[in-house]
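Hello,

Here is the structure I promised to pass on to you. Please have a look at it, and then read my notes below.

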Amino acid sequence: MGLWGLSSLLLLTCVLGPQVRAEGSQEDEDHKAHPSGPDHHHWGYTDMPEWDKYFPECGGKAQSPINVDIQNVAFDPWLRPIQLAGYNLTAGDTLQLENNRHTVVLKLPDSLKIVGGLPHIYEAAQLHFHWGSHNSPGSEHTVNGIRFPGEIHVVHFNAEYQSIDQALNQSGGLAVLAAFIEVSSHYGPGISDEVPALILYIYTAGESREIPGFDIRGLLPQQLDRYFRYNGSLTTPPCLQTVNWTIFNQTVPLSARQVRELHN
């Protein structure tokens, strides 16, 4: 199957069956570690086999990312389309963008919400990206063992809690919307304009700055009713197993040139 065949794999909203652990992220090795965790262990993607020495949950049974094995996917008629509210920010809104030495993180106001498709209302906290190099695709999740050029994660927390810090340790406390990036000659103005600009805003590790708001909805696929669903974890330390994952079936397109800009 070709690398960009995800949209042809499944045209129904589904829940995943038995989980299969995926390989580690293929982000650039130049992404250096930074202090994290109670003992300030400096973790990095090159020392993934040792994460559980410092963060025990990284060795748990419900760890993300996973490989989406289509043979183990079961259709769930009770799942509903993802419904969003407040995602259409304007230039009058100010957002904080940060290069945290691992990825590009855009902090989001909690006025952005998931209001349908999950058992609770979830408020947005941040979005970030995963990408690879010229010779290695960089999505964290895979489909039938196939890795995509990149992956977008929009992180939300259960609105029953006052903050993401309170929700982190609660079962189902977090919900992440994930979308694969593909290389395409047919790409829309939303993600094709915003993603490369976001990366170039903060090229230096540790840098942060304020940027004008924009329509965050444009970074996600047009169709929000076709997805894979499973319960997993944060993909990096402390690997807390409290995440409700939604992986969209439809990819988001970038041009080959724009993907090269991410690699650089």
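The largest pocket has a volume of about 790 Å³ in this predicted model. A pocket here is an open set of points on a 1 Å grid over the protein atoms alone, where a 1.4 Å probe fits, with protein on both sides within 12 Å along at least five of seven lines; lining residues have an atom within 4 Å of a point. Grid points are joined across faces, edges and corners, and the volume is the space filled by probe spheres set on the points.

Of the 29 lining residues, Asn100, Gln126, Leu234, Thr236 and Pro237 are the closest to the pocket's centre. Elements giving two or more residues to the lining include strand E2 (34–36), helix H3 (164–167) and strand E17 (243–248). Strand E10 gives the most, with 4 residues. Helices (H or I, at least four residues) and strands (E, at least two) are DSSP runs, numbered from the N terminus.

On conventions: residues are numbered from 1 along each chain as its sequence is written, and side-chain values use heavy atoms, with hydrogens and water left out. As the model is predicted, local features need pLDDT of at least 70 and side-chain atom pairs count only at pLDDT 80 or more, while totals for chains, interfaces and linings use all residues.

Now to confidence. The mean pLDDT (the predictor's confidence in each residue, from 0 to 100) is 79, and 74% of the residues reach 70 or more. Over residues 1–13 the pLDDT is below 50, though this stretch has 36 contacts (heavy atoms within 4.5 Å) beyond near neighbours in sequence. Residues 17–40 are also below 50, with 76 such contacts. Where pLDDT is low, the predicted coordinates should not be read in detail.

Best wishes
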